[in-house]
Amino acid sequence: MKSKSKPKSKARPKPKPKATRKRHASKKPSSDAQDASLRKHLIELLRGKGAHADFGEAIDGLPEGLRGARVKELPFTPWRLLEHLRLAQWDILEFSRDPQHKSPEWPEGYWPEGDAPPNAAAWDASVAAFRRDQAEMEKLVRDPSQDLFAPIPHGQGQTLLREALLVADHNSYHVGQLILLRRLLGDWK
């Protein structure tokens, strides 16, 4: 009699175990460490550090005779850009820290009237005010008692994080315009 054998299965051989690395549980950074890291990155953004020139590089060394110079295709001068940067940053800073602050009328309150500074002292004062307000915004961001994510009580949902990012973004945009204008005026490295 023929023996009935079971059909051979096509079972795959078990794979050989791979050499395993000892796994370490990833440690989540503490919320304090994350907060400090976020604040550090925000400060770098506010200073314009990173992939492009910062405010100081864009503004320093601009000859007095070019501060009110206009290029036909562009609606601004170095003076108008500097004052716009200063006014907008000041407004965002004051909104972020003062519940009584009233913003200027848009858009006229954010731009100077003339194309050129009245004198070299006005230019220097505007540069100094911009730098002072930038340092004040950095001070707000650096202060661990300031909750970056809490809605600003007198706002409409804005947070200090949002306002710091807005300052960094706005400044970056107009610093780029200032550099473009300096290139077109033949005064950029």
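Biologist: How many residues in the lining of the largest pocket are nonpolar, polar and charged?

Modeller: The lining divides into six nonpolar, five polar and three charged residues. Nonpolar means Ala, Val, Leu, Ile, Met, Phe, Trp, Tyr, Cys or Pro, charged means Asp, Glu, Lys or Arg, and the others, Gly among them, count as polar. The model is predicted, with pLDDT of at least 70 needed for local features and 80 or more for side-chain atom pairs, while totals for chains, interfaces and linings use all residues. Residues are numbered from 1 along each chain as its sequence is written, and side-chain values use heavy atoms, leaving out hydrogens and water.

Biologist: What makes a space a pocket?

Modeller: On a 1 Å grid over the protein atoms alone, a pocket is an open set of points with protein on both sides within 12 Å along at least five of seven lines, and lining residues have an atom within 4 Å of a point. The largest pocket holds about 280 Å³ of space. Of its 14 lining residues, Asp91, Ile92, Ser103, Tyr110 and Leu166 are the closest to its centre. Helices α3 and α5 (160-184) each give two or more residues to this lining, and α3 has the largest share, five residues.

Biologist: What makes the span of α3 close to the expected one?

Modeller: The expected span is 1.5 Å times one less than the number of residues. Helix α3 (residues 78-97) reaches 29 Å from its first C-alpha to its last, close to the expected 28 Å.

Biologist: Why does His174 count as buried?

Modeller: Its relative accessibility is 7%. His174 is found in helix α5. Leaving aside residues up to four places away in sequence, His174 touches Leu81, His84 and Leu85 (heavy atoms within 4.5 Å).

Biologist: Which residues touch the most other members of the largest nonpolar core?

Modeller: Phe55, Ile59, Leu82 and Trp123 do, in a core of 20 residues. At least two of the core residues come from each of α2 (55-59), α3, α4 (120-142) and α5. A second, separate core of 14 residues includes Ile92, Leu93, Leu148 and Ala164.

Biologist: What makes such a set a core?

Modeller: Its members are buried Ala, Val, Leu, Ile, Met, Phe, Trp, Tyr and Cys residues, joined through side-chain atoms within 4.5 Å.

Definitions and conventions: Helix = DSSP H or I, 4+ residues; strand = E, 2+ residues; numbered from the N terminus. 1 Å grid on protein atoms, 1.4 Å probe; cavity = no way out; pocket = protein on both sides within 12 Å on 5 of 7 lines; lining within 4 Å. Points joined across faces, edges and corners; volume = space filled by probe spheres on them. Buried < 20%, exposed > 50% of the residue type's maximum accessible area, 1.4 Å probe, protein only.
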